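These are my notebook entries on a single protein chain. I set down what I looked up, entry by entry.

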Amino acid sequence: MTKRTITMAQGVALYMGAVLGSGILILPGYTADAAGPAAIISWLLLSLLSVPIAYTFARLALKYENYGGIATIVQQAFGEKSGAVVGWFFFAWVATGQAVVGLTGASYIVTVFGLAGEWLYGFAFLFLVAALAANLLGMRISGLVSLGLSGIVLVLLVLTIAFSLPAIDAVHFRPFAPHGLTGIGQACVLIFWAFFGWESITHLVPEFRNPQRDVMRCTWASVFIIGAVYTLLSAVTIGTHTYGDIGTEAPLAALMNRALGLNAGLATVVVACIVCLGTLNVYLASSSRLGYALAVEGKLPQWFAKSSRSGTPYRSVFFLFVTNTLTLAFSYTASFSVDRLILVPTTLGILVYIVASFACVKLLWSDKAGRLAALTSSALCLAIAPFSMQYLAVPAVVAASCLLYLRYRRKLQP
């Protein structure tokens, strides 16, 4: 199945597409509402957290170079069952999370054009279809798509930040922490959605042309660029008070309109489409390969262990497309809003990071720098998890389902 087609530039673009994703459309405003100006502390904390997480994941992915990615890393540390559970966490995360990404982009479009609620789900579905098509064409096409999309959105964000800096007013930073530590913690949980993606590269390492040279370079370049962009975007959002009543529905578009003089509607549609397509494309690519690896190892049904001539695990791709379509249907029929739906995949992702970080601690214990990085990421992930509250029931259900499947599979074996 392995076809080594990913270059360093495409690797950075895939990182950017995975991490610099749909969160930029809504989270600077959401987090400012939750924590006030102190939200910038949450963004700084998560930016710093991304350094040890990205480093440890990339280092161990290079060591094992397997489509299983973080599931393989956890298995090496804690055994087959733990690796399977984390694999299921990640697969379930993407099986619901892409619907959130689609709804985020679609909400910008319907807001601009004043369309009815039914259109929201129609456009979200079209986002899923576009990602499906890009992935079925193969990793080479998928990587080129990410390169183009990431480049465009990065230029737009840098220009928006640069032209917004002179408009920052210190008065907007007072009072600094109106909701105290609770607000900062809740903002951290929301921001975790924006920083998911560092694990995605672990599933794609086997397809790098020169992984030993390029993977770590891609990691460091991406950590610096993404951390700087997120933190500066938060600073200008707060400093210009582009949140709350101003720009609540489309905060980034309102900021771009103020900074660049772009038509708010046009800016909204363009940015939403670029960002959401990039995120959907990368996650569908990485998680479908995880599904393939889990099936080959017997942790998912063998039905998933099929790939096309271009190397695309098409059954996993179609499965994730269907589950996210069903998630959209549930959200529509049950009137389950995006701000609640986002906490389902976010909580699963936090649990993935906690277990994977502890696995990194064990596997990198003899490496002083690796051990320190893994311990730091483990502590910070554990500190954030309790703020998910009742949504922690979701990973509990997924873990139980995984263990029941493994037990059922063992009974079938002669």
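Predicted model: local features only at pLDDT ≥ 70, side-chain atom pairs only at ≥ 80, totals over all residues.

**Entry 1: a pair of helices**

I began with helix α14 (residues 343-363) and helix α16 (residues 393-412), which pack at an angle of about 65 degrees with their axes 8 Å apart. Angles of 65 to 115 degrees count as roughly perpendicular, so α14 is roughly perpendicular to α16. I also looked up the hand of the crossing of α14 and α16, and it is right-handed. I noted for my own use that two packed helices are described by the angle between their axes and the distance between the axes.

**Entry 2: along helix α5**

I next turned to helix α5, which covers residues 80-113.

Ile 109 lies in helix α5. Is Ile 109 buried or exposed? Its relative accessibility is 6%, and buried means under 20%, so Ile 109 counts as buried. I then looked up a distance: the C-alpha atoms of Ile 109 and Phe 123 are separated by 8.1 Å, and these residues are 14 apart along the chain.

Thr 111 is also found in helix α5. With 36% relative accessibility, Thr 111 counts as partly exposed.

**Entry 3: a nonpolar patch**

Which residues form a nonpolar patch on the surface with Phe 113? I found Val 112, Leu 115 and Trp 119 beside Phe 113 in this patch. Together, the four have about 380 Å² of accessible area.

**Entry 4: two loops**

I then looked up the backbone in two loops. Where is Pro 175 placed? Pro 175 is in the loop between α7 (139-164) and α8 (180-195). The peptide bond that leads from Arg 174 to Pro 175 is cis, and its omega is near -10 degrees.

Ser 335 lies in another loop, between α12 (314-334) and α13 (338-341). I noted that phi of Ser 335 is near 55 degrees, which is a positive value in a residue other than glycine. Ser 335 has 56% relative accessibility and therefore counts as exposed.

Note on methods: Residues numbered from 1 in each chain as written. Heavy atoms only, no water. Patch = residues over 30% accessible without salt bridge, like charges linked within 9 Å, V, L, I, M, F, W, Y side chains within 5 Å. Areas by Shrake-Rupley, 256 points an atom, 1.4 Å probe, with all protein chains shown as cover. Salt bridge = Lys/Arg side-chain N within 4 Å of Asp/Glu carboxyl O. Helix = DSSP H or I, 4+ residues; strand = E, 2+ residues; numbered from the N terminus. Axes fitted to C-alpha atoms, helices over the stretch in contact; angles between N-to-C directions. Parallel < 35°, antiparallel > 145°, perpendicular 65-115°, else oblique. Left-handed = near helix turned anticlockwise from the far one by under 90°. Buried < 20%, exposed > 50% of the residue type's maximum accessible area, 1.4 Å probe, protein only.
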